[in-house]
Amino acid sequence: MSTSGEDVAFMARALAAANAAAAAGEVPVGAVVVLNGGVIAEAYNRREQDRDPLAHAEVLAIRAAARALGRWRLTGCTLYVTLEPCAMCAGALVNARIDRLVYGADDPKAGAVRSKFRIADDPRLNHRVEVTSGIASEACGDVLRSFFRARRSKPST
């Protein structure tokens with residue numbers, strides 16, 4: 001299990017990915033997959049760029065981690081993500097056998113790890129993910145609030 005200092009450091013890296021997403025015009029969510037204290041994959045939302053409804057940061061990071069490791073079972077891995085995963089992404093965590101999830105901001109509208117559902121540690125599923133929430137939550141929430149504030153203030157064309 002990571003220490004609090006490691007969690008903060010890896011979340012900072014996920015935040016950097018979220019900021020890159022915002023700069024690209026994507027909803028600013030960033031994700032990092034860590035194994036044995038090292039980053040093996042990172043990604044940010046790319047739904048607009050890829051024209052792909054499944055191109056969430058978590059899914060892209062999980063895919064990249066599986067390629068990097070040459071296996072689909074990502075046991076031993078921790079996923080750091082700036083926003084609480086949705087139902088699709090929480091299901092992907094379970095299916096990829098991720099050991100641990102660390103996320104920043106809660107998502108009261110679509111969060112499927114704590115806010116709306118508890119997919120990651122649902123005892124009815126064949127795998128459960130250890131969850132740590134609230135790491136750098138203010139910074140994670142700020143990047144999202146700033147992004148949407150800026151979008152709302154732009155005149156429509």
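Helices α1 and α5 are roughly parallel to each other (a label for angles under 35 degrees, with over 145 being roughly antiparallel, 65 to 115 roughly perpendicular and the rest oblique). In this predicted model, local features need pLDDT of at least 70 and side-chain atom pairs count only at pLDDT 80 or more, while totals for chains, interfaces and linings use all residues. Residues are numbered from 1 along each chain as its sequence is written, and side-chain values use heavy atoms, leaving out hydrogens and water.

Helix α1 covers residues 4-23, and its axis lies 10 Å from that of α5, at an angle of about 5°. Such axes are lines fitted to C-alpha atoms over the stretch in contact, with angles from 0 to 180 degrees between N-to-C directions. From α1, the contact (heavy atoms within 4.5 Å) draws on Met11, Leu15, Ala18, Asn19 and Ala22, and from α5 on Ala139, Cys140, Val143 and Phe147. By class, eight of these residues are nonpolar, one is polar and none is charged. Here Ala, Val, Leu, Ile, Met, Phe, Trp, Tyr, Cys and Pro count as nonpolar, Asp, Glu, Lys and Arg as charged, and the others, Gly among them, as polar.

Helix α5, residues 137-153, also gives the largest share of the lining of the largest pocket, with four residues. This pocket holds about 490 Å³ of space. Among its 20 lining residues, Val27, Val29, Leu83, Asp107 and Leu144 are the closest to the centre. A pocket is an open set of points on a 1 Å grid where a 1.4 Å probe fits, with protein on both sides within 12 Å along at least five of seven lines; lining residues have an atom within 4 Å of a point. The lining comprises 10 nonpolar, three polar and seven charged residues.

Overall, the chain has five helices (DSSP H or I, at least four residues) and five strands (E, at least two), in the order α-β-β-α-α-β-α-β-β-α from the N terminus.

Notes
Points joined across faces, edges and corners; volume = space filled by probe spheres on them.
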